[in-house]
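Here's a quick briefing for anyone opening this one up for the first time. Have a look at the sequence and the model, then read on.

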Amino acid sequence: MSAPGFEPRKLLGLVIHPDNSLKLEPKDDWLYGVVGAAMGTVGFAFWVWAVHFGFVRSLTVFADLIYTALVGSSPTGRFLWIGIVSIIALIAVLSIAGNRMGGRKRNWMEAVAHLGGAQAWFGAAFAVNGLVALALWKISMVLMLSLLLLNLVVLVSRAADLHEVGSARRFAYAGLSLVIYATAVAVVYAIF
């Protein structure tokens, strides 16, 4: 972290302006990237809980009994672990592919600071969407799909810029990264 210690204003700056993650000094500020990625994961898990709560609340007593028998308890814990592994896998895959296909190699601190720091905004957006899910869980599902796609586009394009992947290789970079990431998430989902 930076010399004066943890600065809440810097974290708030990442929430308000995700591009501030590019201004982080990786050696000193990599922990802000970890906190930003954690915020994204926790925001996603909160959304899962809120959708589950809103959905179960909309069921009749009989349907609730059947749903509980089929699904069991809340899936929030499961999706929290999937979210943690997912964000780690995405940042790792984008960094490894970027180091192979790009013009500039980056170390783990740079990847965590710049890509993880951008997740603070999405964590806040996921949490707000979770509040929406408590009242309107169906609308929240559409919003979450949009947020997840936007998050993926932002991270892939930011990683391509960070690693200076040339325009001729960007499609291959994005395609290869997403195929490996989707495979990793599918394996994690099957395990958990």
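**A first look around**

R170 has a relative accessible area of 30%, so it counts as partly exposed. Its salt-bridge partner is D161, and the closest N and O atoms of the pair sit 2.6 Å apart. D161 is partly exposed too, at 47% relative accessible area. Before going further, keep in mind that this is a predicted model.

**The overall build**

- The protein chain has 8 helices and 0 strands.
- Reading from the N terminus, the elements go α-α-α-α-α-α-α-α.
- The protein chain has 192 residues, and 42% of them count as buried.
- Take the contacts between residues at least 6 apart in sequence: 79% of them join residues at least 24 apart.

**Salt bridges**

- How many salt bridges does the structure hold? There are 5 of them, and the D161 and R170 pair is one of the salt bridges found here.
- Another links D19 with R158, with 2.3 Å between the closest N and O atoms. D19 lies in the loop between helix 1 (8-16) and helix 2, while R158 is in helix 7, so this pair ties together parts that are 139 residues apart in sequence.
- R158 counts as buried because its relative accessible area is 7%.
- R106 and E110 form a salt bridge as well, their closest N and O atoms being 3.0 Å apart. R106 is buried, at 14% relative accessibility, and E110 is buried at 15%.
- If you're wondering why such pairs turn up, side chains of opposite charge can pair when their charged atoms come close.

- Helix 6 covers residues 119-135, which makes 17 residues. From its first C-alpha to its last it reaches 25 Å, close to the 24 Å expected at 1.5 Å a residue.
- The buried residues in helix 6 include F122, F126 and N129, along with the glycines G123 and G130.
- Helix 7 (residues 137-162) has 26 residues, which should span 38 Å at 1.5 Å a residue. Its end C-alpha atoms are 36 Å apart, and that agrees.
- Which residues of helix 7 are buried? Among them are W137, M144, L147, N151, L155 and R158.
- Just after helix 7, E164 takes a positive phi of about 55°.

- Helix 8 runs over residues 170-191, and its 22 residues should span 32 Å at 1.5 Å a residue.
- Y173, A174, S177, Y181 and V188 are the buried residues here. They cover an arc of only 85° around the axis, which puts them on the same side of helix 8.
- As background, an α-helix has 3.6 residues a turn, so residues three or four places apart point the same way.
- Which exposed residues sit on the face turned away from the buried side of helix 8? That face carries F171, V179 and A190.
- The cover over the buried residues of helix 8 includes helix 4 and helix 7.

- S86 has its place in helix 4, and it counts as buried because its relative accessibility is 13%.
- Setting aside neighbours within four places in sequence, S86 is in contact with Y181 and V185. Y181 is also one of the buried residues of helix 8.
- W81 is found in helix 4 (residues 76-101). Together with V187, I191 and F192, W81 makes a nonpolar surface patch of about 450 Å².

- Y32 sits in helix 2 (residues 26-58).
- Is Y32 buried or exposed? Y32 is buried, since its relative accessible area is 0%.
- Y32 and H114 are 82 residues apart in sequence, and in space they are 9.1 Å apart from C-alpha to C-alpha.

Terms used: Residues numbered from 1 in each chain as written. Predicted model: local features only at pLDDT ≥ 70, side-chain atom pairs only at ≥ 80, totals over all residues. Heavy atoms only, no water. Patch = residues over 30% accessible without salt bridge, like charges linked within 9 Å, V, L, I, M, F, W, Y side chains within 5 Å. Areas by Shrake-Rupley, 256 points an atom, 1.4 Å probe, with all protein chains shown as cover. Salt bridge = Lys/Arg side-chain N within 4 Å of Asp/Glu carboxyl O. Helix = DSSP H or I, 4+ residues; strand = E, 2+ residues; numbered from the N terminus. Expected span 1.5 Å × (residues − 1). Buried < 20%, exposed > 50% of the residue type's maximum accessible area, 1.4 Å probe, protein only. Arc of directions from axis to C-beta. Contact = heavy atoms within 4.5 Å.
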